[in-house]
Amino acid sequence: MAYNEKYEEVLRKYMSKNLDAKNAAEARAQELRNKFPEIAEMDAVLNKTAIRIMTASMEGGDYQKKVKSILEEVAAINEARSAFLEENGYPGDYSDVKYECPICSDVGYVNGKMCTCLRKELAIAGYHSSGIYKLIQKESFDNFDFGYYSGEDRKNIENIYNAAREFADGFSKKEMRNLLFIGGTGLGKTHLSTSIAKVVIDNGFDVVYETAQRVFKDYEDERFGRAQKNTEGEYPSAKYEDCDLLIIDDLGAEMQSQFNSSALYGIINTRINSDKSTIISTNLTQGEMLDRYSDRITSRLLGNYDVCLFKGKDVRMQKLKLK
Ligand SMILES: Nc1ncnc2c1ncn2[C@@H]1O[C@H](COP(=O)(O)OP(=O)(O)O)[C@@H](O)[C@H]1O
Ligand SMILES: [Mg+2]
Ligand SMILES: [Zn+2]
């Protein structure tokens, strides 16, 4: 629910973002006109450009030539205007419209496709409410420390770290890649998932990160008519199927039920069939997974996911002892 509120807030902001940028530019232009009569005079001429061109087209005669001379005059005034502003301590483009995103001019879409800037904001909006926004500030590749692992475990975690980095840096919608993080509590599974999420979001992809408990609750709410659709008419669970990268944390912490099992199979299968990447982490051992989930689920998981076995001593405990 919180996800949707944030999501809608971003979409609402985008509805007026382009216009807001234009209005802000106009306010700066007005500020200049109030301060400098010279600018007011120039703007009065510039603001008539469209009308003058239309009039020229109706007057007949050599239309092309008239338009050309109007445009030349406009260019000269613009140049003089910038020069005047700079002489008076302003940037020459002070009252130009300044969009945050030059690709979509803050509209959020280009040729009917969602712009990366909007995607990114929506993803971040999702993190804000799902709690991962805070994690992203705290846990990243940069502060992942190999010093907590010793001997064989250290070699092992270095390999996993490299695989995670490679996954994040090379993330692409063209190639599906899936990771299955298996291992005891406090070994860095969530930390590395968060690290991957950050890089992939920064690269403009649409990432959804949720705990298994939350994911299944969304499906359950939908099934029992408790879920609400967002403005696009989609249930919260739609994002688990649509996003570029889905990260399900703590699989196995959810209640064991037939319903959850079939929801899990649905997600895994749909994403594999649509070539979309997924990361799943779990505290369950492989044996426990086999006991808990049906063959069709475990074979899908073990067959299509690169398995990373986390080993070592609980880092959270090690950090506590150090304090
Ligand atoms: N290699 C590491 N370097 C630094 N901090 C770590 C490392 N591994 C885990 N942590 C920290 O220890 C805590 C538990 O790690 P977490 O990733 O949540 O474990 P898991 O998901 O495997 O149970 C977190 O606060 C995390 O940031
Ligand atoms: Mg975890
Ligand atoms: Zn954009």
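## Basis of the values

Because the model is predicted, local features need pLDDT of at least 70 and side-chain atom pairs count only at pLDDT 80 or more, while totals for chains, interfaces and linings use all residues. Residues are numbered from 1 along each chain as its sequence is written, chains are lettered from A and ligands numbered from 1 in the order in which they are written, and side-chain values use heavy atoms, with hydrogens and water left out.

## Nonpolar cores

The largest nonpolar core comprises 35 residues, and Leu192, Ile196 and Leu245 have the most contacts inside it. A nonpolar core is a set of buried Ala, Val, Leu, Ile, Met, Phe, Trp, Tyr and Cys residues joined through side-chain atoms within 4.5 Å; buried means under 20% relative accessible area (1.4 Å probe, protein chains only). Among the elements giving two or more residues to this core are helix H5 (116–130), helix H7 (152–169), helix H8 (189–202) and strand E5 (245–251); helices (H or I, at least four residues) and strands (E, at least two) are DSSP runs, numbered from the N terminus.

Beyond its neighbours within four places in sequence, Ile196 is in contact with residues including Phe141, Phe167, Leu179, Leu245 and Ile279, where contact means heavy atoms within 4.5 Å. Another core, of 25 residues, lies apart and includes Leu246, Ile272, Ile280 and Tyr293.

## Aromatic contacts

The structure holds 13 aromatic pairs, defined by ring centres within 6.5 Å for Phe, Tyr and Trp (its six-membered ring), with planes under 30 degrees apart stacked, over 60 edge-to-face and the rest tilted. Phe36 and Phe84 form an edge-to-face pair, 5.3 Å centre to centre with 85 degrees between the planes. Phe36 lies in the loop between helix H1 (2–35) and helix H2 (37–46) and Phe84 in helix H4, so this pair ties together parts 48 residues apart in sequence.

Phe36 also pairs edge-to-face with Tyr90, the centres being 5.9 Å apart and the planes at 85 degrees. Elsewhere, Phe141, Phe144, Phe146, Tyr149 and Tyr161 form one aromatic cluster.

Methods:
Buried means under 20% relative accessible area, exposed over 50%, partly exposed in between (1.4 Å probe, protein chains only).
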